[in-house]
Amino acid sequence: IIIFILAGLTMDTKEFSQAFLHVRFNVLVQCYNFGVDSAVIFGISRGLLAVGALPQSLADGLVICSCLPLSITLVAVLTKAS
């Protein structure tokens with residue numbers, strides 16, 4: 001959480017206010033990242049677990065990793081590139 005706060009503090013006020021205007025889009029992106037992606041990976045991992053292609057610990061690890069947010073560096077790179 002501290003990393004997110006520090007990254008937010010480095011934003012210009014103008015950039016922050018423009019990003020705040022796109023709340024609906026940001027909510028949609030977050031719902032997709034945490035909902036759709038996680039659900040797809042959960043289904044794939046359980047399917048592979050059912051056929052014996054993955055051990056239980058690896059299937060659980062895939063689900064946990066799919067629930068994590070994008071890395072700060074990736075977000076920073078994509079923000080700078082846009």
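Modeller: Helices (H or I, at least four residues) and strands (E, at least two) are DSSP runs, numbered from the N terminus. The model is predicted, so local features need pLDDT of at least 70 and side-chain atom pairs count only at pLDDT 80 or more, while totals for chains, interfaces and linings use all residues. Residues are numbered from 1 along each chain as its sequence is written, and side-chain values use heavy atoms, with hydrogens and water left out.

Along the sequence, the protein chain shows the pattern α-α-α-α-α, that is, five helices and zero strands. Of its 82 residues, 9% are buried (under 20% relative accessible area; exposed is over 50%, and partly exposed lies in between, with a 1.4 Å probe and protein chains only).

Now to the cysteines. A disulfide is a covalent bond between the sulfur atoms of two cysteines. Here it is counted as a pair of cysteine sulfur atoms within 2.5 Å, and the count comes to zero. Cys65 counts as exposed, at 54% relative accessibility, whereas Cys67 is partly exposed, at 38%.

Leaving aside residues up to four places away in sequence, Ser45 touches Leu54, Ala59, Leu62 and Val63, where contact means heavy atoms within 4.5 Å.
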